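Thanks for coming, everyone. Let me put the structure up, and then I will walk you through a few places in it.

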Amino acid sequence: MKMGMEEDDDHPFPFMLEHHSGVTAREEENVVPSSSTNVQHLELSWVDHYLSRVDYFINKYPQLSTAYAFHCSRITNVHQASFPQVGSSSSSSRFLQDSSEAETLASRMESLNLSNQYHEACLQRVRNIESANATVPTRHHHPRLRHYTLETLRGGWFSMAKDPRGSRVVQQKIEEGTPQDNFHMVNELQYHLHELIKHSYGSFVILKLFQSRNISVYQKNTFIHLITADQPKLRDLCIHDLGGRVIQQILEVEDVLIAIDQITRAMSGITVALMKNYNGGYVILQCLKVILDVVAQNCHDIAVNKNGCCNIQKIIHHHDVPAFYALIENLIPNAEDLAKDQYGNYVLQFLVKKKIPEVNAMLVSELRHKFVGLSIDKYASNVVEDLLHYSRTEIATIIVEEIMESPNFLQVVKHQYGNYVVQRALEYTKGFLHESLCAIILSNHEMLSSCLHGKMVLHVAQKSKRVRG
């Protein structure tokens with residue numbers, strides 16, 4: 001009865017499946033009455049895990065209520081011989097962790113509103129156990145039980161991480177545990193990283209360790225060291241179908257970026273081998289992306305360095321790669337500081353000269369209302385000139401109008417650096433804006449003619465008026 005539901009891992013009646021709890025239907029018929037821990041764990045896995053989820057599935061698939069009732073009967077009848085005195089402490093001491101959990105199960109069963117003898121029989125068994133007030137043992141745990149504490153699970157994390165349901169339990173404990181609790185878990189799992197990364201269920205645990213905020217950056221760096229220390233094992237991981245994908249996802253975690261030097265050193269020795277492999281090639285590409293992301297996040301510090309500004313320009317040259325836009329997103333907010341820097345201004349000039357309309361528009365938007373001050377700066381004035389030259393007319397108009405309408409316009413015209421900005425404005429404006437600019441300059445002929453830099457601007461304005469008539 002599949003009924004279009006999820007895989008067996010999410011089956012509402014997991015004990016229907018032959019592999020559940022390691023007991024097949026045939027073995028179930030041959031259960032020998034006993035009070036051993038194994039039989040008690042069997043009942044625990046059938047009732048505790050099953051009933052904790054059954055209310056959801058009954059609501060989702062109402063047609064399953066008949067099957068539920070039938071299996072309540074199986075739970076009651078199969079184990080009646082094993083636990084003849086249901087309410088006694090001997091029969092229930094290992095059934096639930098404490099009475100409050102039995103009470104929770106009873107409440108869930110009551111909320112199902114199913115009226116049949118099987119359901120009520122099973123419900124009565126849970127009510128009897130509720131009164132026993134017993135605890136779960138701390139050893140020989142069933143790997144699929146979610147209510148165990150971190151203390152009781154200590155020493156079994158590795159085996160649980162490889163179990164389909166145990167993997168989910170470990171992931172949940174990683175998120176819920178305190179740093180002290182997780183310390184013991186990490187100490188056990190860190191020596192099995194390579195095996196778990198390639199495991200279909202263990203890989204989820206490893207990813208959770210890297211993604212969780214409950215695991216410290218120091219611990220994550222330790223994982224990176226253990227993964228990359230052995231190059232042959234690292235190579236095998238990267239070319240493995242699952243391992244390669246997991247490594248790529250690990251490299252996407254923000255906390256891993258601080259260990260990029262360690263990662264690149266490890267990868268450098270196996271780069272050729274990985275590039276010759278389908279999965280390995282994707283890992284190398286992810287490494288390159290991570291490196292470029294680090295560059296983008298630190299682009300300001302790099303751009304104001306003598307050698308760094310040259311290397312940033314080399315990356316900008318390849319503006320058709322995704323990393324380029326990550327770089328732009330970090331450069332634009334720092335545009336004013338970079339424009340005024342002796343090295344940073346070269347980065348912005350190179351960027352403007354790429355003639356990418358949206359990038360130049362973003363720069364102008366970021367620098368708006370600052371162009372007068374930038375025009376009289378030794379380094380920033382070069383950036384303003386290039387924006388006038390390499391931007392679209394509507395973008396250049398914004399800059400020119402801001403400078404023209406400023407009460408300090410004539411100071412800009414007479415300035416040793418600002419006069420070059422005004423000359424470029426005369427050169428690259430057209431129509432009414434150009435005529436207005438010429439008119440303002442020529443109307444101050446007497447004042448500007450007495451200044452060396454003003455004379456230069458006057459000359460350009462007069463020449464432009466004659467040419468354009």
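One term before the tour. Partly exposed means a relative accessible area between the two limits, where buried is under 20% and exposed is over 50%. Glu-427 is partly exposed, because its relative accessible area is 43%. Keep in mind that this is a predicted model.

Let's stay with Glu-427. The side chain of Glu-427 meets that of Arg-424 in a salt bridge, at 3.9 Å from N to O. Both residues sit in helix α29, 3 residues apart, so about one helical turn separates them. And Arg-424? With a relative accessible area of 25%, Arg-424 is partly exposed. There is also a network elsewhere: salt bridges with shared partners join Glu-336, Lys-340 and Lys-370.

How many salt bridges does the structure hold? The count is 8. The general idea is simple: side chains of opposite charge can pair when their charged atoms come close.

Here is another one of them. Lys-162 forms a salt bridge with Glu-195, and their closest N and O atoms are 3.1 Å apart. Lys-162 is in the loop between α8 (157–161) and α9 (164–176), while Glu-195 is in helix α11 (residues 193–197), so this pair ties together parts that are 33 residues apart in sequence. Lys-162 counts as partly exposed, at 27% relative accessibility. Glu-195 is partly exposed as well, with a relative accessible area of 40%.

Next, Glu-175 and Lys-208. Their side chains meet in a salt bridge, 3.6 Å from N to O. Glu-175 belongs to helix α9 and Lys-208 to helix α12 (residues 202–211), so here too the pair ties together parts 33 residues apart in sequence. Glu-175 counts as partly exposed, at 39% relative accessibility.

Now let's go inside. Rolling a probe the size of a water molecule over the atoms shows where empty space is left. A search of the whole structure turns up 4 cavities of 30 Å³ or more.

Start with the largest cavity. The space in it is about 70 Å³. Which helices each supply at least two residues of its lining? They are α13 (217–228), α15 (241–251) and α16 (260–268). If you want to find the place on screen, the lining residues are Ile-224, Ile-227, Thr-228, Leu-234, Ile-247, Ile-250, Leu-251, Ile-263 and Met-267. Sorted by class, that lining has 8 nonpolar residues, 1 polar residue and no charged ones.

On to the second largest cavity. Its volume is about 50 Å³. Two helices to look for here are α27 (393–404) and α29 (418–428), each of which supplies at least two lining residues. The largest share, 4 residues, comes from α27. By class, the lining has 9 nonpolar residues, no polar ones and no charged ones.

Take Leu-285 as one of them. Leu-285 is placed in helix α18 (residues 278–297). Is Leu-285 buried or exposed? Leu-285 counts as exposed, because its relative accessibility is 51% and the cut-off is over 50%.

Last stop: two backbone angles. Most residues other than glycine have a negative phi. Lys-355 has a positive one, near 55°. Where does Lys-355 lie? It is in the loop between α23 (344–352) and α24 (357–367). Lys-355 is exposed, with a relative accessible area of 53%.

His-369 also has a positive phi, near 70°. The loop that holds His-369 runs between α24 and α25 (371–375). At 68% relative accessibility, His-369 counts as exposed.

We ended on positive phi values at Lys-355 and His-369. That's my tour.

Technical notes
Residues numbered from 1 in each chain as written. Predicted model: local features only at pLDDT ≥ 70, side-chain atom pairs only at ≥ 80, totals over all residues. Heavy atoms only, no water. Buried < 20%, exposed > 50% of the residue type's maximum accessible area, 1.4 Å probe, protein only. 1 Å grid on protein atoms, 1.4 Å probe; cavity = no way out; pocket = protein on both sides within 12 Å on 5 of 7 lines; lining within 4 Å. Points joined across faces, edges and corners; volume = space filled by probe spheres on them. Nonpolar A, V, L, I, M, F, W, Y, C, P; charged D, E, K, R; others polar. Salt bridge = Lys/Arg side-chain N within 4 Å of Asp/Glu carboxyl O.
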